[in-house]
Amino acid sequence: MGSKRCVHSCLVSHLKFIKFQGFQGLQDELFIKYAFRNGMVLETMIVSDISLDQKKCQIMKRLSNVRRACGMCQLKFARAVSPKVIHHLLSLVAVAYSMLSGEGQLYTYMVLISETTTPGVNLRWYLDVAGMKRSKVYLINGVVIFIGWLVARILLFVYMFYHAYLHFDQVQQMHTFGQILVVVPVVLSVMNLSWATCFLDLYNPEVDYDVDDEA
């Protein structure tokens, strides 16, 4: 009983920073909520090792809406292995193959256009660090990211798949390795849709999510 009082006392009046690793589910969610509601001087809570599936997005949304004893407390999410690594490795292999073989260059250029959203995402990180989450600039930036993401990372990919369908006879003439790489845009489009869902689900000035990791 005494140890519980000690832990509670430490959390209430001393603990300013918590990094929670190995997030598993309900029990961990309850602990984080407890820390939020009792940490009077808690300034930062980092929840790591959390994937970006829809269920986890809902958990992240619930955590972002929890009342916090300290009004200045920030919630941040991170992952041990970022999808950014997979995203860029696949893109690098596809671009290198296209340059060396001369195959699939049109589709490679289409995929590279999606990187036009990166400056907006990076600017969002800067506005976050600068403490401008509640500014009009931050709101405008979010709208621009949404429109850019919709056009460059979703609609453009739909057109690319339609184009590949219309010219499937030419796709079949590619080298076997090149045909396999046609799957890369499919994987990237799934990631883009997943990230778009989380951007919409987690748009909250109180949440600090490492969106720069997704570009």
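1. In helix H5 (residues 105-113), the buried residues are Tyr107, Thr108, Met110 and Val111, where buried means under 20% relative accessible area, exposed over 50% and partly exposed in between, with a 1.4 Å probe and protein chains only. These residues lie on the same side of H5 because they cover an arc of only 160° around the axis, the arc being that of the directions from the helix axis to the C-beta atoms. Helices (H or I, at least four residues) are DSSP runs, numbered from the N terminus.

2. Please keep in mind that this is a predicted model, in which local features need pLDDT of at least 70 and side-chain atom pairs count only at pLDDT 80 or more, while totals for chains, interfaces and linings use all residues. Residues are numbered from 1 along each chain as its sequence is written, and side-chain values use heavy atoms, with hydrogens and water left out.

3. The structure holds two aromatic pairs, a pair being rings of Phe, Tyr and Trp (its six-membered ring) with centres within 6.5 Å, counted as stacked if the planes are under 30 degrees apart, edge-to-face if over 60 and tilted for the rest. The rings of tyrosine 97 and phenylalanine 177 have centres 5.3 Å apart and planes at 65°, so this pair is edge-to-face. It links distant parts of the chain, with tyrosine 97 in helix H4 (residues 83-101) and phenylalanine 177 in helix H9 (residues 176-181), 80 residues apart.

4. Phenylalanine 157 and phenylalanine 161 also form an edge-to-face pair, 6.4 Å centre to centre with 70° between the planes, and both lie in helix H7, four residues apart. Phenylalanine 157 counts as buried at 2% relative accessibility, whereas phenylalanine 161, at 32%, counts as partly exposed.

Note on methods: Helices (H or I, at least four residues) and strands (E, at least two) are DSSP runs, numbered from the N terminus.
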